[in-house]
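Could you walk me through this structure, one selection at a time? I have it open in a viewer and would like to know where to click next.

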Amino acid sequence: MPIEYLGLSSINGPLIALEGIQGAFFDEIVEFVLNGNERRIGRIIELYEDRAVIQVFEGSENMSLKNTHTRLTGHPMEIALSKEMLGRTFNGIGQPIDDLGPLGSKLKRDVNGLPLNPVKREYPRNYIRTGISAIDGLTTLIRGQKLPIFSGNGLPHDQLAAQIVKQASLGEDSDEEFAIVFAAMGVKHDVADFFRRTFEESGVADHVAMFLNLANDPVVERLITPKVALTVAEYLAFEQNMHILVILTDMTSFAEAMREVSSSKGEIPSRKGYPGYLYSELAAIYERAGIVQGVNGSVTQIPILTMPNDDITHPIPDLTGYITEGQIVLDRNLNGQSIYPPVSVLPSLSRLMKDGIGEGYTREDHQDLANQLFSAYAKVGDARNLASVIGEDELSPIDKEYLAFGKEFEETYIGQGPEENRSIEETLNLGWELLGRLPKEELDRVDTKILEKYYHPTKRGEGVTTSAAPGSIANR
Amino acid sequence: MVNRTGKIYGINGPVIYLKGNTGFAMSEMVYVGGERLVGEVIALDKDRTTIQVYEETSGLRPGETVEASGGPVSVLLAPGILDNIFDGIERPLEKISESGGAFITKGVSVDSLDEMKRWETHITVREGDYLHGGDIFAEVPETRAIVHKCMVPPDLEGTVVSVVPDGSYTITEPLLTLRTGSGEERGIPMAQRWPIRKARPVSQRFAASVPLVTGQRIIDTMFPIAKGGTAAIPGGFGTGKTMTQHQIAKWSDADIIIYIGCGERGNEMTQVLEEFGELTDPRTGNPLMDRTTLIANTSNMPVAAREASIYTGLTLAEYYRDMGYDVAIMADSTSRWAEALRELSGRLEEMPAEEGFPAYLASRLSAFYERAGMMHNLNGTDGSVSIIGAVSPQGGDFSEPVTQNTKRFVRCFWGLDKSLAYARHFPAIHWLSSYSEYLTDLAPWYQDNVSPKFIDYRNRLMALLNQESSLLEIVKLIGSDVLPDDQKLILEIARVIRLGFLQQNAFHKDDTCVSMEKQFLMMDTILYLYKQARALVTMGHPMSVLKSENIFERVIAIKYDVPNDRLEMFAQYRRDIDSFYQRVLEKNA
């Protein structure tokens, strides 16, 4: 019978100090019982001889120095794992909340996970077709990659994530072994509902494990939510050989929660009040993606974060960008022009793209085409700046051609319907059609041989055709 | 000294406290708890010892024992370092995976280097020789590319009393016996240990005089780094820091590459492992891994080991320098190392300076970069350690403390630019914000080994780029149509320089690495085109006529169209420029 400690020494926000405990270890999970009936759990985050500082996941409301019994559980934060978790819904610390009863699994794992040994990793090379031109063509998603969506409040990042899930799972590479792990940290009820509905409508609900910590749920709980979700993802991927797509939303709430706890602990802040270990903590989450040698499964992460004040240099998107393998940045201006998905092409990037495209994967011209589109679109920006100073009429003929190219590129290449699913061929051909608008000598990023093979000047006044989903452009 | 131990009193993340005066020494390596986690003493006072632990501390309990090891944190130096991948404290990840599987578990005890493996050894000393510290006594072919030279530890000297014959030996077997001045006889094996925080001694430091040729045009021609030099590559995320480091690690003419992945992505380390195993060194024809060692502390590995990983890499580099090799260190990224310092400093509740970084950030950075240099070694050989450090400034803002302090101690600054990266102009090293202080030091080398005109050409290219930048200011206001033709020509030539020369395609088989000779001929062709075109413009031929010829595009495409082994093709380009000149003259006669 384990010892129970009666009472607490101090309570400060979500942190509790307890004195006189014996045999506790660092990172151990403790269980509280309030007034003899309500149960909560917490984690030891500092330990000095017999004094422990404990972080309570459900928050310290209603706890007093007298009404609480504390018991050491003797293990770190663990979660029971089984394949049955797919199709179920859990709270932020992995307890079922869908009235289907507890999980009958004996297999338990530490949610903190362990770093994956680089010599046992397999370098990701297989691309995932999302059917979205801006992603497939320019920032290709690779199986085993971590590719976040940098968004802002009010932008359609949820729709985009949902479309990726739907179309990636419906793609020709789809098989029985595809599943989604969805972790919500501090998101609104409506957002969680939107995802649930989308999963149901697209018929993947049986293949989704949902972990929900909503906006009004305890703040500390969301510090553990992504770890719980990723532990499940790793189990399904590396032990059950499944391809797992993990959606984490919203990483900003996670970082805010960390700042809140850090400040109650009285730690020395680094940037904007965030603790010095924000980078390590974010890395401990993002690095849990990838492929292990000799295993069929993979973990692909799509974290979503809202950039405070749309500022990409804010510590959260900034540190995220240094860890993840690229980013998809959404743009308020494009969104204002009703272009969906409003992907801001220039700052978006997929670091793993270069090895997962080209001959044998997509098509030989993919890399050159993407480089040329990036470069041409960068020039569109210059031409627009110039036009705003001297007026469009005064521009040189080539600058005018760039303006026309930019408009068409945004409307037909970046823009597409939320249901539109383009094949990789369609995306690439569309790119060449757009480049056909520009004189050949402007295309300086393309190898001469590839240029000869694929470049055809598009005649003026001839509309660019997207063979898929007719009407998707005309509808706007 | 034996069996000094202490009891854990407090635990706060990677920092633990012991009560009382334990008798431990500063920077001593200790073993923590029942799992024997590796740690290092970082602060001592009468009633408290502070230790940073190089592994995950979850599961530790107050009261567990901490045992002193008797020496500072050090690395084992012997054959087997090359073609290998280690964690931050020189534990081979391959061996860890054999015992622990795909994930790195705690408290794994593995030998740094294979102590069972027998190496083919050739002894180079004889009985009766007097050996000083650092002297070479045996040679071992460590990989196809590199001969490992076994040296007497720097703090030892004496007469060889006995020596084994040539044969195969393990790294721990004594190969010779040395009688020191005090008459004591010591067996010397191949392996020696050296503390990571202490620079290995040398006899003399030289001034930089030879460039580290990287095959990257913007570096070799515009902002060269010397062998034994220091360079920083700062840039926001996605600007190509890692890519630039990979390119230098692949193609530079250093003998040995130490690649330190400090707080970076796991997949990147895997990529280096895979790619360097397959690619061959253009100079020796051997796999690149044969000259490479990787130190991997990915961003999710323990933070204290991240702090150590930089020093581990440096010490390995200095060891190979002592053999007379030119070693280049890629440190990706020094910002993560600085952040590890900040994190530990915060846990120790030290008074922070700028942006939470500790006040000793600048002195640690300078101590790190000063370990680079072209040296005359104790044993009479010459070797160098060059350091190329990536810096990841917060928010891409170069005014933050790590970038600013780094700038004070490096002599080469390759500033990566976001707008170039957005336009996919790679390498995104911006020619206006970058600089190299080695240019004057290296000028004689370029004049003797490439061409007497080299430095002049390089400066003319830079001048054109600077003129372009001021012209672009005007263009931004009034458009390019109103410029006079001679200025339009400058814009056009600068475009040729940017696209045809500065921009380099790492994925193109010819363009990924370019010899100094080709770099010079490219400059020569561009400047010849400029000279002829300017003559035409001066005669009053409009730029629109000049541009209607495709000669500018042809010169831009030289990097793809002229294979590296067919440099005689440049003569044809000169003829083409001449005929372009004639055509324009005739057309407008």
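Here is a short tour, stop by stop.

Before you start, keep in mind that this is a predicted model.

**Stop 1: a helix in chain A.** Select residues 251–264 of chain A, which form helix α5. Now colour the buried positions of α5(A): A:M251, A:T252, A:S253, A:F254, A:A255, A:A257, A:M258 and A:S262. What covers them? Show the chain A elements β13 (178–187), α4 (225–238), β15 (243–249), α6, β17 (298–306) and α7, which are included in the cover over the buried residues of α5(A). Then step past the helix to A:G266, which follows α5(A) and has a positive phi, near 75°.

**Stop 2: an annotated span.** Next, select residues 355–455 of chain A. UniProt, in an unreviewed entry, lists this stretch as "domain: ATP synthase A/B type C-terminal". The span is 63% helix and 0% strand, and its end C-alpha atoms lie 24 Å apart.

**Stop 3: where the chains meet.** Bring chain B into view. The contact draws 62 residues from chain A and 65 residues from chain B. On the chain A side, the elements giving two or more residues are β5 (38–48), α6 (278–286), α7 (315–323) and α10 (366–390). Which of them gives the largest share? That is α10(A), with nine residues. Colour this side of chain A by class and you get 31 nonpolar, 15 polar and 16 charged residues.

Stay at the contact and zoom in on β5(A). This strand pairs with β1 of chain B (residues 5–12) in the antiparallel sense, over two bridges. To find the pairing, pick A:L47, which stands opposite B:I11 in β1(B). As background, strands of a sheet pair through backbone hydrogen bonds, either parallel or antiparallel.

**Stop 4: a sheet in chain B.** Finally, select the open sheet of four strands in chain B, ordered β12-β11-β9-β14 with antiparallel pairing. At the edges are β12 (147–151) and β14 (167–169) of chain B; each has a single partner strand, so one side of each is left without a neighbour in the sheet. Turn the view along the sheet: the twist averages 40° from one strand to the next. Within the sheet, two bridges join β9 (residues 119–123) of chain B to the antiparallel β11 (residues 136–141) of chain B.

Technical notes. Residues numbered from 1 in each chain as written. Chains lettered and ligands numbered in written order. Predicted model: local features only at pLDDT ≥ 70, side-chain atom pairs only at ≥ 80, totals over all residues. UniProt positions renumbered as here; feature names shortened; annotations may be inferred. Contact = placed C-beta atoms within 7 Å. Nonpolar A, V, L, I, M, F, W, Y, C, P; charged D, E, K, R; others polar. Pairing = 2+ DSSP bridges. Axes fitted to C-alpha atoms, helices over the stretch in contact; angles between N-to-C directions. Expected span 1.5 Å × (residues − 1). Buried ≥ 20, exposed ≤ 12 C-beta atoms within 10 Å, placed from the backbone.
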